[in-house]
Amino acid sequence: MPDPERITVVHLQQMKTRRELIAALTAHDFPTASAADEMGVDLILVGDSLGMVFAGDPSTVSVTLDQMLYHTRIVSRHVRRALVVADLPFLSYQVNPDEAVRNAGRLLQEAGAHAVKLEGGEEWAEVVRRLVTAGIPVVGHIGVTPQSVNRTGGYRLRGATDAEAARLKQDARALEEAGAFALVLEKIPYVLAEDITLNLRIPTIGIGAGPGCDGQILVTYDMLSMFERFRPKFVRLYAELGKEMREAIQRYVEDVKSERFPSLKESFK
Ligand code: KIV
């Protein structure tokens, strides 16, 4: 079968213009990446949320560039249609713009990502500009920014006060002006998300930001309930694979211990 037409940053822009909603999901392994791609997900994010949902770490701060390179390589190898975006992990872009270009460049050159995402607002506009100048497409990410959890103290709703809302609008404008081609809005009031969306030329992709965005993203392990430590209100459960996995493993253990597995049919003569 010929490869389907690849989604590009230009397509995402056209989708906003046509008011066609963007469906995005995270993936960091082969089965998830190929399922998402085959089922029509437009943008696949190799999110540093893998530190929590895959590795079980307390936050995303522990995720390294080497880990992102490894998972991005796996995902991009198996995605034929979707745009693959890799997260720039903590400390891979904050030290200085030269390091940011070098590290982001590795995600494209060595791991096959088509674009990178970085967390933070106007203060990172210069880094975004440098990346874009170097030919590296960038997705911004404002609202809740999990890499800053140690400074901010948690994952509370952002933009609920007038001052915070004004700041987020300014951040969104600054990132667009710096050349970001899309913007993730995480856990902000839906009215604010809609306002930001209407005032930007680039598409917004919401997570906990209501229906007024140009697209939606969820962490796949959250929506499949593979990650069960906590469930934010904005996560809709599409399956309960964590529960199914435990039940299946329980049945397997019982079968082995009671000699119901393996049968002769599952054995060789
Ligand atoms: O790391 C991640 O999965 C993300 C999403 C929550 C957007 O940044």
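View 1. Strands and helices here are DSSP runs, numbered from the N terminus: E of at least two residues for strands, H or I of at least four for helices. The chain crosses from β1 through helix α2 (residues 30-38) to β2, and this β-α-β crossover is right-handed. Right-handed means that, with the strands pointing away from the viewer, the path from the first strand over the helix to the second runs clockwise. The model is predicted: local features need pLDDT of at least 70, side-chain atom pairs count only at pLDDT 80 or more, and totals for chains, interfaces and linings use all residues. Residues are numbered from 1 along each chain as its sequence is written, and side-chain values use heavy atoms, with hydrogens and water left out.

**View 2. Strand β1 (residues 22-26) pairs with β2 and β8.** Pairing requires at least two DSSP bridges between two strands. With β2 (residues 43-46), β1 runs parallel over 3 bridges. With β8 (residues 215-218), the parallel pairing spans 4 bridges. L25 stands opposite L218 in β8. Because 4 of its 5 residues are buried, β1 is largely enclosed by the rest of the structure. Buried means under 20% relative accessible area, exposed over 50%, and partly exposed in between (1.4 Å probe, protein chains only).

**View 3. K16 and D214 form a buried salt bridge.** Their side chains meet at 2.8 Å, N to O. A salt bridge is a side-chain nitrogen of Lys or Arg within 4 Å of a carboxyl oxygen of Asp or Glu. K16 sits in helix α1 (residues 9-18) and D214 in the loop between β7 (204-207) and β8, 198 residues apart. The structure holds 16 salt bridges.

**View 4. R129 and E126 pair within helix α6 (residues 125-133).** The closest N and O atoms are 3.1 Å apart. The two residues are 3 apart in the chain, about one turn of the helix. R129 is partly exposed at 35% relative accessible area. E126 is also partly exposed, at 44%.

**View 5. D195 and K169 join two helices by a salt bridge.** Their closest N and O atoms lie 3.0 Å apart. D195 belongs to helix α9 (residues 190-198) and K169 to helix α8 (residues 162-178), 26 residues apart. D195 is partly exposed, at 26%. K169 is partly exposed, at 31%.
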